[in-house]
Each structure stands twice: as C-alpha cells, then as structure tokens.
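Let's take a walk through a protein together, one piece at a time. Have the picture open beside you and look for each part as we come to it.

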Amino acid sequence: FRLMGKTLIITYYWPPAGGSGVQRWLKFVKYLRDFGIEPIVYTVENPKYPILDESLQSDIPEGIEVLKQPIFEPNTILSFFGKKKTESAGFLNPNPSFFGKMVQYIRANYFIPDARKFWIQPSVKYLKNYISKNNIDVIITTGPPHSMHLIGLKLKQQLGVKWIADFRDPWTEIDYFNQLPLSKKAINKHNFLEQEVLLNADKVLVVGNTMKENYAKFNKNIVTITNGFDGEIVASETKLDSKFTITHIGLMNADRNPKMLWEVLTEIISENKEFSKDFKLKLIGKVDPSVIKEIEVNNLKKNVELVDYVSHSEVIEFQKKSQVLLLLLNNVPSAKGIITGKIFEY
C-alpha cells in the first residue's frame with residue numbers, strides 16, 4: 001500500500017525532547033505534507049525526557065494535530081535507587097551498588113519491552129476511539145522505545161488498520177541488549193514480542209540494510225529508509241576553527257571509548273610541539289567517566305574541551321567549524337548494523 005491521506009504517527013520522543021530519538025520523525029513530519037500526507041502525531045503528555053531542546057519546536061509545521069495522553073513511568077521511582085534520570089540505556093553503570101544492581105534487574109526483567117509498557121493499554125483504548133472517528137488511513141509506530149510497536153500491534157489486531165513499524169534501532173540486536181541482566185525467560189519474551197511486531201506489521205521500515213537482512217525472515221515487506229540531514233538547516237556557511245579541531249557529537253559511553261586514538265594523539269603531541277599548541281579535541285554531549293579517565297591517563301586533558309548537551313542548531317555550528325568529525329560505534333557484535341543519525345549530518 002502507498003502512504004497517503006491521514007497518517008497517525010505514534011512516538012514517545014517529540015519536542016521538547018532533545019537528542020537523537022526525536023530527529024527522524026520530527027523531520028518526516030516537517031516534510032510529509034509536501035507529498036500529500038497529513039501527519040497526526042500521538043505522543044506523551046508528561047514525558048520524562050533525559051534531554052530537552054526547545055529549539056526543535058520550530059520544526060513542527062503549523063496546524064499539525066498533536067494528540068497527547070498521560071503516561072506512568074516507573075523510572076521516576078526506580079531512579080531514586082539507581083541511575084539518575086538524565087542517564088540513558090546506553091550508559092549502564094558497570095559497577096552498580098547493591099540497590100543499583102537490583103534496579104537494573106527489575107528494569108530488565110519486569111518492564112518488557114521497556115518502562116513505557118504501562119502506556120500501551122491506555123493508548124490502545126484512546127486511539128481505537130480516535131481512529132474509528134477520524135478516518136485514519138495508516139498508523140506508524142517508531143521505536144525504541146519498542147512499547148510503541150506493541151500499541152501498533154494491538155491496534156492492528158483489533159481494528160485491522162494498516163500499520164507501518166519503524167525501527168530507528170534494532171530491538172534484541174541493539175548495542176546494550178547483551179549488557180542487561182536479563183533472565184532466559186526475559187530474553188525469550190523480547191524475542192517473541194519482536195517477532196510478533198515483525199510478522200504482523202504491513203510494512204517495516206529500518207535505517208540500514210543489515211537490519212533489513214536480519215528481519216527479512218519475518219517480513220518480506222521491509223524498506224530501508226536511512227536517516228538524513230535537513231538541507232534547510234545545514235545550508236548556511238560557517239568559518240572553520242582557527243585551531244585544528246577534532247569534534248565528536250553525541251553520547252560517548254564506555255563501549256565507544258577509542259583508547260588507541262587517545263594513545264596515537266598523545267604520541268603525535270609528544271613528537272610535535274607545534275601540533276600540541278594547535279590541537280583541540282571537542283566532545284559535545286554526555287561522556288562516560290571511563291572515557292575522561294582514559295583522556296587524563298594519556299595527558300590529553302589540556303587539549304580537550306568538554307561541552308554538555310547543546311541545542312541541535314548549536315550542534316550544526318560545531319560540526320561546520322571542525323576540521324575533523326569523529327564517528328565512533330560501540331564495540332559490540334552488532335556494530336555492523338548500527339548506522340547512527342550523525343553520519344548523515346557529518
């Protein structure tokens with residue numbers, strides 16, 4: 001079937017959410033009207049976003065209908081014992097306290113597929129009524145969080161509505177999945193739910209061909225639509241930094257720590273005093289303490305500039321000014337299938 005008419009997009013991440021999760025469908029919504037598609041967005045009323053970026057509100061087209069319903073997120077309670085709310089799943093604490101271990105175990109084994117599971121039933125009830133009254137042609141769910149796909153699955157089963165499942169990241173092949181303290185029963189449940197989504201969706205969207213190959217045994221109607229960049233935003237020119245700048249944008253967790261790169265940069269600096277004066281390493285976004293420790297061990301601290309989260313418009317400027325943009329992937333078995341959104345902006 002072709003995407004046309006009224007299309008309901010079910011997403012957890014929506015402005016003022018910042019970070020990578022919001023970009024893909026915010027930009028699709030921005031341009032879908034150019035193709036005769038009227039997007040309607042369904043999202044959360046009271047989200048607990050780890051990162052906020054108010055500047056992204058300007059990308060929402062005028063007159064777009066945005067439906068919101070409240071969500072109960074147990075992370076608020078659990079974070080009292082475990083990770084701070086600003087941390088993401090990619091930043092699992094490698095040395096948690098006793099309570100931290102307990103929280104990680106509860107998160108992994110009782111909130112399947114994720115802590116947004118309590119939004120599934122209320123959303124299905126609300127959207128069944130809305131879809132029936134508003135002539136919705138297609139629904140689209142985007143994950144992670146993969147609870148969004150379970151909303152789509154139930155709406156498909158109960159209404160027979162056309163359904164597209166969009167995977168911005170894999171489910172059981174996501175980089176941190178094997179780091180979770182999952183029981184065998186929990187792993188089996190994740191696999192079952194992932195397959196149910198793939199088997200029942202009318203169409204599956206993925207961001208890369210490796211994901212497409214991995215999912216092909218469950219659904220023959222899979223389309224790769226990569227991430228991209230917004231030409232309207234990146235069009236203006238910017239003057240390069242005066243120093244030789246290497247910049248990394250986004251999360252840098254322990255699995256992305258390029259130890260050999262730090263060693264090589266240290267060697268170059270020790271051999272070339274002019275380079276030492278001229279070199280700047282900019283890390284924009286959250287950086288794991290183990291990365292900072294490695295930088296200090298290699299005596300690079302004086303050449304490093306740490307910048308906490310900034311708005312996406314500022315990120316664009318940092319990218320344009322840098323002589324070299326650093327792209328890192330997690331050192332995990334599924335790395336081949338990971339195509340980060342920053343590739344395209346880079």
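In this predicted model, look for four strands that form an open sheet in the order E10-E9-E8-E11, with parallel pairing. E10 and strand E11 (324–326) stand at the edges with a single partner strand each, so one side of each has no neighbour in the sheet. From one strand to the next, the twist averages 20°.

Now move to the pairs within the sheet. Strand E8 (residues 244–249) runs parallel to E9, and six bridges join them. To find this pairing, look for Ile249, which stands opposite Ile284 in E9. E9 also runs parallel to E10, joined to E10 by four bridges.

Is E9 enclosed or open to the outside? Five of its six residues are buried, so E9 is largely enclosed by the rest of the structure.

Next comes helix H11 (residues 289–297), whose buried residues are Val291, Glu294 and Ile295. Seen down the axis of H11, these buried residues fall within an arc of 100°, so they line one face of the helix. What covers the buried residues of H11? The cover includes helix H9 (259–271), strand E9 (279–284) and strand E10 (304–307). On the face of H11 turned away from its buried side, you will find the exposed residues Pro289, Lys293 and Val297. Just after H11, Asn299 has a positive phi of about 55°.

Our last stop is a pair of helices. Helix H5 (residues 147–159) packs with helix H6 (residues 184–200) at an angle of about 50°, and their axes are 10 Å apart. That angle makes H5 oblique to H6. The crossing of H5 past H6 is left-handed. Which residues make the contact? On the H5 side they are His149, Leu150, Leu153, Lys156 and Gln157, while H6 brings Leu193, Glu196, Val197 and Asn200.

Definitions and conventions. Residues numbered from 1 in each chain as written. Predicted model: local features only at pLDDT ≥ 70, side-chain atom pairs only at ≥ 80, totals over all residues. Heavy atoms only, no water. Buried < 20%, exposed > 50% of the residue type's maximum accessible area, 1.4 Å probe, protein only. Helix = DSSP H or I, 4+ residues; strand = E, 2+ residues; numbered from the N terminus. Arc of directions from axis to C-beta. Contact = heavy atoms within 4.5 Å. Pairing = 2+ DSSP bridges. Axes fitted to C-alpha atoms, helices over the stretch in contact; angles between N-to-C directions. Parallel < 35°, antiparallel > 145°, perpendicular 65-115°, else oblique. Left-handed = near helix turned anticlockwise from the far one by under 90°.
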